[in-house]
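Visitor: I would like to walk through some aromatic residues. Please set each label against its cut-off.

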Amino acid sequence: MPGSGLTVTYLDVGQGDCTLLQCDGQTMLIDAGIGEQANHITTYLKQQGVKSIDYLVCTHAHADHCGGMKAVIAAFPVHTFYSSVTSSSNGAFQRVMRAAETANLAITVPGVGDTFALGGATVTVLGPQKHYSDVNDQSLILRVDYGSNAFLFTGDAEYQSETDVLDAGENVRCDVIKAGHHGSRTSTGYRLLYEAQPKYAVISCGAGNEYGHPHDDTLSRLRDADVTVYRTDLNGCLLYTSPSPRD
């Protein structure tokens, strides 16, 4: 476990999402890839000294984001579990629901504007701004602030959800943005990039994936916005650090 400061690790979980945040002795895991990645994820967390998870976040009920959570809940004590929904017809999420029930772990849907502390970092819920029938747009959208640095996480939110967040006047300014929906052309629009003004973008996707992620349209928008792009399919596991403002 790193000491003071914030570390944000975008794990290479193939075609899926999983991000580990550690700050001042506390841990948050956002998403957990597909089920086949569960052993890789739990092993990595243990290697990083993780003994428990303060916040487990399921951005939305799709298997490439929640598939490994059953194993994570079984492997580590989880103190708080945030999700965009409490129930779903998705089989992978239903397995997560049963794992949470077995662990006597409540599933909480946070509200827009809610904040919570991860060590010295502040996590703010920016979306979803309303209920969407589209599971991707229902993704939790979070901004993590630490010192002068900020990280934006959008799950698989697409243009509609992005636009509603921006129309609501939410602060999306960040240094690092996790490109929405693995670099799909229907996410990470020009307006979001203009208002967020990120220096870096992380695209979490699998090599040669069947969806063609990341799409050329998205990569073109990121180039136009002068954003430096890193990809898990090309660069592997990606680690960002933000030193403690006290250091």
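Visitor: Why is Phe-151 called buried?

Guide: Phe-151 has a relative accessible area of 3%. Buried means under 20%, exposed over 50% and partly exposed in between, with a 1.4 Å probe and protein chains only. So Phe-151 counts as buried.

Visitor: What should I know about the model itself?

Guide: This is a predicted model, where local features need pLDDT of at least 70, side-chain atom pairs count only at pLDDT 80 or more, and totals for chains, interfaces and linings use all residues. Residues are numbered from 1 along each chain as its sequence is written, and side-chain values use heavy atoms, without hydrogens and water.

Visitor: What makes Tyr-240 buried?

Guide: Its relative accessible area is 13%, so Tyr-240 falls under the limit. Tyr-10 is buried too.

Visitor: Why is the pair of Phe-151 and Tyr-240 edge-to-face?

Guide: Rings of Phe, Tyr and Trp (its six-membered ring) pair if their centres lie within 6.5 Å; planes under 30 degrees apart are stacked, over 60 edge-to-face, the rest tilted. Here the centres are 6.5 Å apart and the planes stand at 80°, so the pair is edge-to-face.

Visitor: Which parts does this pair tie together?

Guide: Phe-151 sits in strand β10 (residues 149–153) and Tyr-240 in strand β14, so the pair links parts 89 residues apart in sequence. Strands (E, at least two residues) and helices (H or I, at least four) are DSSP runs, numbered from the N terminus.

Visitor: Which residues form one aromatic cluster?

Guide: Tyr-10, Phe-151, Phe-153, Tyr-200, Tyr-230 and Tyr-240 do. The whole structure holds 8 aromatic pairs.
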